[in-house]
Amino acid sequence: MGLTTVFGSGAGTSSYEDFHHTSFILLVGSNAAEAHPIIFHHIMKGVHNGAELVVVDPRKTVTAKRAHEHLQIAIGSDIALLNAMAHVIIREHLYREDFVARATVGFDAFRDSVADWTPKRAAVITGIAPERIEALARRYAAAPTAMIGWTLGITEHHNAVDNVYALINLALLCGNVGRPGAGLNPLRGQNNVQGGGDMGALPNRLPGFQDVTDPAVREKFEKAWGVPLAPEPGWNQTQMFDAIEQGTLRGLYVIGENPIQSEADSGYMRALFGQLGALVVQDIFLTATAEIADVVFPARVSFAESDGTYTNSERRVQRVRAARRAPGQAQDDLWIVTSLARAMGYPWPYLDAEGVFDEMRQLTVNFRGMTYARLEEAHGLQWPVPELDHPGSKVLHERLWAPEVAVKAPFMPVQWAPPVEMPTPEYPFQLTTGRRLAFYNTGVQSNVYDHPHKIGEWMEIHPHDAKALGIVDGEVVAVISRRGRVEVPAYASSSVMPGTVFMTFHFPDEVMTNVLTIEATDPLSGTAEFKAAAVRLERLVAKAPMHA
Amino acid sequence: MEKSISLTIDGQVVTVAPGTTLRAACEQAQHPVPTLCWHENLTPANACRACVVELKGSRTLVASCSRVAEDGMEVLTASERVQNARQVVAELLLSTSDATLAPSLQELAQISGADPNRFAGGATWAQPVRDDNNLYVRDLSKCILCYRCVEACGDDAQNTFAIAVAGRGFDAHIDAGFGRELPESDCVFCGNCVAVCPTGALIGKKEYELRQEGQWDESQITTTETVCSYCGVGCDLQLHVLDNQIVKVTSPADHPVTHGMLCVKGRYGYAFAQSEDE
């Protein structure tokens, strides 16, 4: 979202191999060692080659432990830190003045916006000493090349897009985009988040991030498809949920998602889905969401039972192939969608995945030069690939380094806002959520294999808090937010700060963590603030509320 | 552009880029040397001595996997001294370790004319299989201490550092720390050690069980290349399928995303895709 606004396309600007040869790696809200283990291999190659690794994370994660410096900031204080770094870099004239003048717009307004973001002010909010913020700013600015990587610690906040803007501003200031070893890289949480966006599975985009509100774009697609297209963008997920509540959206077709368990405030979600007139779910399992559906279409396992492509976090489009026969009546997603259209009176032909891909690439410049044969030969290709002899693009936005920059990148001044819920005497702890290495999301995939560390969900609590509350390791406690209550075993861990507890949502059948989380969404991206909810803890044995 | 390096390999003049190892230079000259511990994505450990060559002016044979080519070097890849060394390396390893799942060791033995029984009858590495989890098995009777697993677990890929060589001399062995079982160790079960093991000492649990039952039939296994369905890194997976069941997952060593390495979910977390059959 943030990247699209500034650069015109919503994708990481570098390749994984750029981590090998950069001077500086700043990871913000990313526990790559557990959430993106193979990208972490690339990051560590860079570290062994001499790069400095700095990790900004409220938790002392496996990733943070491998860093040269770990800034254990307060949850949701990223913008304070990043604005203060920009403040120092501008105050001390450490920014790339040539690049800022040639390739960016809006510098003056940005400079003014960070003028009062002194490290001292940021220190109060982040909990990081002013001297450390200054030193980090100087090192980032002095690095000949620097990579920034982020994950859901940035985007699962009510001000997610502002967080991304703050990172982009920093990179623009120091010219750390559009060059080898210098870039902005969202590490995607799911296998084909990037590919979904690439293919126009966004309310305001057609394939190749082409803008649905642009009449020329619509005309091209209308001509190819032979149908008129609505000029207004559709709804994002948050808007759909609002529309269900208001009764204006009455039918929902859910493909490969389990929102009843994966969305924040799942008690509310379940009630909301109950209001639908018709719910259709297409999945490989009878998920909790499928269980309440009117119609369920059994699908094939995309990576092992059907054909197509995924796009990864470095824009690499790769072939997915069927390796085994699907069970029973399970069908390909493409076949189901086509059959549904035909049943509704549209005579769509039954194309195979390659046929659909070929149609798509004729309509998009980014993918035009990709054929299945080329993808297979080259271990995938990184878009844009505008012509059949184009080798793919390792680095995006090199145009920003041309002598004349036609479309300049705008600075996007942002101001810090705290998480929607901050701890109170009644709810004294901040609950933050994330992933653990061996498991994944709602566990539909990862809870089937026999991992030796599979002991179900547990909550991490700082040893001081555990001691103060008299909680012993493994003791089941109640965690209560304004929205719900769960019971979960607690273990002391110094990976969280005092006042913070950590849980995952990998085992929703036992511990439905998302009854606690808050449906406070970013107005632009529609992402909910999974990373911060105020909770209180109650010991079941003492039956009395406790205070930290 | 740095000056290129000229050297002689078995009398043939070869020109290579600075930094090229003798092993790579020999490969370029089409006089390849056998290797056991060398792996394209790992730092040379100089452990096995299978790749030694004779270097004029050097008192000892040199490990071609790590020795860097220099101007004017004269290298022999098949002298009597080299062939004798290879043969003894193979014979010593065969006397201690079970090579039934070690194609590269079998090949070394074959090309060097090794006699598997030459040193038979002495101490061996035979020991019980360590089967302490349901993802992979350690059959250290097959280990040749090539260090590949240690490097893949360490700074060449995984950076977990769960395993190292413990002990000295004949008692040296790969250990997860204090002899612990894997679930109690720092192991995160990525299986990257299994992926680089050249002897089957580290082997996926499913493959191990099927081999025990006599059901592992390479001719019946299809391998399909696809992409992992967990996070957004986009790791290339090779699904090895036997009788419509995924029985092993690997990744190509030359893939730009993985370099043959995967995480625990990609390598072992596939059961959901075929859970209807269990």
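Predicted model: local features only at pLDDT ≥ 70, side-chain atom pairs only at ≥ 80, totals over all residues.
1. Start with parallel strands in chain A. Strand β9 of chain A covers residues 251-255, and β10 of chain A covers residues 278-283. Five bridges join these two strands, and they run parallel. To find the pairing on screen, look at Val254(A): the residue opposite is Val281(A) in β10(A).

2. Now move on from β10(A). Four bridges link β10(A) to strand β11 of chain A, residues 295-298. This pairing is parallel. Here Gln282(A) stands opposite Phe297(A) of β11(A).

3. Next, a loop in chain A. Pro498(A) sits between β19 (485-492) and β20 (500-503) of chain A.

4. What does Pro498(A) touch, leaving aside residues up to four places away in sequence? The contacts are His462(A), His464(A) and Asp465(A). His464(A) is 34 residues from Pro498(A) along the chain, yet their C-alpha atoms are separated by 6.8 Å.

5. Turn to chain B. An open sheet of three strands runs in the order β10-β11-β12, with antiparallel pairing. The edge strands are β10 (221-227) and β12 (245-250) of chain B, and each pairs on one side only. From one strand to the next, the twist averages 30°.

6. Look at one pairing within that sheet. Strand β11 of chain B, residues 236-242, is joined to β12(B) by five bridges, and the two run antiparallel. Val241(B) faces Ile246(B) of β12(B) as its opposite residue.

Conventions: Residues numbered from 1 in each chain as written. Chains lettered and ligands numbered in written order. Pairing = 2+ DSSP bridges. Contact = placed C-beta atoms within 7 Å. Axes fitted to C-alpha atoms, helices over the stretch in contact; angles between N-to-C directions.
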